[in-house]
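Here's a quick tour for anyone meeting this structure for the first time. Take a look at the picture below, and then we'll go through how some of its parts meet.

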Amino acid sequence: MPATAVIEKPTDEVAEIFQKAEDHFGHVPNFVKVLANNPTFCKSLTEFMIQALGEGRIDWAFKELVILKTLRATGAYYSYGAHEKLAADLGNSPERIGDTNNSLWVASPHFTAGEKAVFAYVEQIAEDPNDVGDEIWNPLLKHWDNGQLLELSAVITTFLNIGRMGDTLGVSDPILFSKAVR
Amino acid sequence: MARLPYIEPADADPVTKKVYDDAEARFEMVLNIFKITGNAPEIAEKMWDIYFDILQEGPTLPWIEKELLILKSTKMGDCLYCVTQHEVVSSRLGVHQEKQEHIVGVEYRKSPHYTPGEIAILDLCAHVVLRPETIPAVVWAEVKKHYTDAQIIEIVATIGAYLQVSKFGDALGVQLEEVWHGHEPVLFAVEAPTSKASQHHLKEFMAKQPVG
């Protein structure tokens, strides 16, 4: 049971954001229903989550692997299974999903050099974001432009936040998207 | 030096410019952390709305209590950028130096400057930062004694958002603006950063002379 009430019937204040969530995810995730205890934060956090969970400057399929790696590297449990399903639905093979685990990605034949550079960045942020050295950053610059690097940094740190919030509040979302994603 | 260029207001696209205008109206200047998000305007637009919601009175929590959570969570993450700025913001809101100092470690638990409610949310904050799985029932019981569900969402959202932005800024090497040069650290004077890289950043910052 979550740490707060779960708002099943939207109040007037959250009716619009519930509708946006339903349009995007196919249903209203429990995370959104818990946030609805505070309409202000329900709106801003859900809007940001909708923006993050979709196509962007980074291909969504790879973005999902970055999210999985972030959740693992930061010891977060919230929605891990849902992101694994989403990663598969977006076209990632079981090998690509499995090889995000621990250091398997380093020697994996299923990732490009650019993708491996991102996983190294995720691990460094999880370990110590103050210590992102040239050995981490220069390989990223070879494969990604400034807008993409900004998006990757935002996605990694956003899901560090969402993972922490979901785990703290005890939210369960076994499925994030109940409609076709592609 | 930051890892990505700061997009200055003169070079910003209309979406980013609107974010900058809102930021300047609220914070008297466009901070470097805003300028770096100008590299992806669509992200800046949504991301900063969360922080505009936090950095104000309410809707359900006093701003000063949110500042305590920001100081606690970003100090635990060794974020020089956030801690420096929020020592000043907290001070403006009335959190005096000794109260700030007592936020380090668990000193706040026996400090005369903290209410039982503030102690409860700082205890919660420490667990959220380190590992939410370890939150004891007694911590939840204390939090729920003093705060409503709406406030709990605001508490957890504040901690989570500052975990996010502090690591985002640190990973991208966002630097403190000249206006902060000469600021005497409070929290890091009580306890140095644990990260060697952060210790180095602090030393470099301390060597900078105040401007003007």
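At what angle do helix 4 of chain B and helix 7 of chain B pack, and how far apart are their axes? This is a predicted model, and in it the two helices pack at about 35°, with axes 10 Å apart. Helix 4 of chain B covers residues 63-76, while helix 7 of chain B takes in residues 116-130. The crossing here is right-handed.

Who's touching whom? On the helix 4 side of chain B you'll find Glu65(B), Leu68(B), Leu69(B), Lys72(B), Ser73(B) and Met76(B). Helix 7 of chain B brings Glu118(B), Ile121(B), Leu122(B), Cys125(B), Ala126(B) and Val129(B) to the contact. Sort the residues of this contact by class and you get 8 nonpolar, 1 polar and 3 charged.

Now hop over to chain A for another helix pair. Helix 8 of chain A (residues 113-127) and helix 9 of chain A (residues 134-143) cross at roughly 145°, and their axes come within 9 Å. Helix 8 of chain A passes helix 9 of chain A in a left-handed crossing. From helix 8 of chain A, the residues in this contact are Ala113(A), Gly114(A), Ala117(A), Val118(A), Ala120(A), Tyr121(A) and Gln124(A). They meet Ile136(A), Pro139(A), Leu140(A) and His143(A) in helix 9 of chain A. By class, that contact holds 8 nonpolar, 3 polar and no charged residues.

Here are the two pairs in one place:

| Helix pair | Angle | Axes |
|---|---|---|
| Helix 4 and helix 7 of chain B | about 35° | 10 Å apart |
| Helix 8 and helix 9 of chain A | roughly 145° | within 9 Å |

Next, the domains. Chain B splits into domain 1 (1-54) and domain 2 (63-171). Their centres, taken over C-alpha atoms, are separated by 25 Å. Where they touch, domain 1 of chain B gives 4 residues and domain 2 of chain B gives 5 residues. On the domain 1 side, helix 3 of chain B (residues 41-54) supplies the largest share, 3 residues. That side of domain 1 has 4 nonpolar, no polar and no charged residues.

Notes: Residues numbered from 1 in each chain as written. Chains lettered and ligands numbered in written order. Predicted model: local features only at pLDDT ≥ 70, side-chain atom pairs only at ≥ 80, totals over all residues. Axes fitted to C-alpha atoms, helices over the stretch in contact; angles between N-to-C directions. Helix = DSSP H or I, 4+ residues; strand = E, 2+ residues; numbered from the N terminus. Left-handed = near helix turned anticlockwise from the far one by under 90°. Contact = placed C-beta atoms within 7 Å. Nonpolar A, V, L, I, M, F, W, Y, C, P; charged D, E, K, R; others polar. Domains from an automatic or database assignment.
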